[in-house]
Amino acid sequence: MLWFGQPGPGGWNRKCLCAFPLPSGQHPQLSYGFPQVNEVVFGPGESHCATCGEDGSVRVWALASMELVIQFQVLNQSCLCLAWSPRCCGRPEQQRLAAGYGDGSLRIFSVSRTAMELKMHPHPVALTTVTFSTDGQTVLSGDKDGLVAVSHSRTGITFRVVSDHQGAAISTICVTRKECEDLGVEGTDLWLAASGDQRVSVWASDWLRNRCELVDWLSFPMPATTETQGHLPPSLAAFCPWDGALLMYVGPGVDKEVIIYDLSQKQVVEKIPLPFFAMSLSLSPGTRLLALGFAECMLRLVDCATGTAQDFAGHNNAVHLCRFTPSARLLFTAACNEILVWEVSGR
């Protein structure tokens, strides 16, 4: 279902979350009868978003009306991860979605033609995460055995497999455009992979030249057992959009915290304490905001400029997904099959 949430309590440092305004005459609860939502991604211009679910569906929604406009369905498979091709990879009519499934397959869908363009099988086991390179010509995908496959998005040929994380599921792959000379390596893209054993690898790549070089390797101590509300917290990492030298990490560590690591200094520069282990993480591209979801049905926003934070309720299950739109105007959060759409105002 899509659920338009109620406003959070009070204001928050001149920033607040309020309910996304409902279209005229529309009921606040829209049920489409699909199970858990596994990912939310956004198209260029933010006119549309896409979701994928345990029922094998990929759904494309019009953001202005929150109406379902396209659905791709794969039977007898779970769609576990999803990515939307970047703005720079072509005209709007050439936008594509990459979807990863439980059988190890990866499908490329054309949004404009509402058709599947390509099916490849880069993994022997279930995919856990997928993303495009910054030019949209390459797809990076991770699986539950810890392998990262690098494939051509047009031909489907897998030309590199990174096995450094083998043995622990890949939970995150994050890509950003960066000239890497200041890090002592060559490359056009900087990308990271995080795995469930609290390890993060950072790489510089130039896929057109088939170059890929390790930049840094982070390992964080992991206690024997760490569960929150019956859930094992994932290991999540992301590049900081307002400071290209920083990355942020959360995971099932010794302490409940966000770790901020400086790639240039090669050291941890800050730690932000948390009330619980985080289940989801998103960084605002337009403002210095950090969103975190918890198994305790709570969402926290942290203003990294001031160090202030505020908590919001609204979900009845673990908040396993939170995603800012590229403009940072909206924040999507998901718990099981429920999505809350929040407007970030007063920025």
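Colleague: In which strand is Thr129 found?
Modeller: This is a predicted model, so local features need pLDDT of at least 70 and side-chain atom pairs count only at pLDDT 80 or more, while totals for chains, interfaces and linings use all residues. Residues are numbered from 1 along each chain as its sequence is written, and side-chain values use heavy atoms, with hydrogens and water left out. Strands here are DSSP runs (E, at least two residues), as helices are (H or I, at least four), numbered from the N terminus. On that basis, residues 127–132 form the strand that holds Thr129, namely β12.

Colleague: Is Thr129 buried or exposed?
Modeller: Buried means under 20% relative accessible area, exposed means over 50%, and partly exposed lies in between (1.4 Å probe, protein chains only). The relative accessible area of Thr129 is 10%. Thr129 therefore counts as buried.

Colleague: Which residues is Thr129 in contact with, leaving aside its neighbours within four places in sequence?
Modeller: Contact means heavy atoms within 4.5 Å. With those sequence neighbours left aside, the partners of Thr129 are Cys81, Leu140, Ser141, Gly142, Ile170, Ser171, Thr172 and Ile173.

Colleague: Over how many bridges do β12 and β13 pair?
Modeller: Two strands pair if DSSP finds at least two bridges between them. Thr131 stands opposite Leu140 in β13. The hairpin has five residues between the strands, and Gly136 takes a positive phi near 75° there. The pairing of β12 and β13 is antiparallel, and the bridges number five.

Colleague: How many residues of β13 are buried?
Modeller: Strand β13 spans residues 138–143 and is mostly covered. Thr138, Leu140 and Gly142 point one way, while Val139, Ser141 and Asp143 point the other way. In a regular strand, side chains alternate between the two faces of the sheet. Both sets in β13 are buried, giving a count of six of six.

Colleague: Which residue takes a positive phi in the hairpin of β13 and β14?
Modeller: Strand β14 covers residues 148–152 and runs antiparallel to β13, with five bridges. Gly142 has Val148 as its bridge partner in β14. Four residues lie between the strands, and the one with a positive phi, near 95°, is Gly146.

Colleague: What is the order of the open sheet that includes β17?
Modeller: Seven bridges join β17 (189–195) to β18 (199–206) in an antiparallel pair, with Ala193 opposite Ser201. β16 (170–177) and β19 (211–219) each have a single partner strand, so they stand at the edges. The twist averages 20° from one strand to the next. The four strands run in the order β16-β17-β18-β19.

Colleague: How many disulfides does a search of the whole structure find?
Modeller: A disulfide is a pair of cysteine sulfur atoms within 2.5 Å. Cys240 is in none: the nearest cysteine sulfur, that of Cys304, is 6.9 Å away. Across the whole structure the number found is zero.

Colleague: Which residue takes a positive phi in the hairpin of β29 and β30?
Modeller: β29 (330–335) and β30 run antiparallel, joined by six bridges. Thr333 stands opposite Leu340. β30 (338–345) is mostly covered, with six of its eight residues buried. Two residues lie between the strands, and the one with a positive phi, near 60°, is Cys336.

How values were computed
Axes fitted to C-alpha atoms, helices over the stretch in contact; angles between N-to-C directions.
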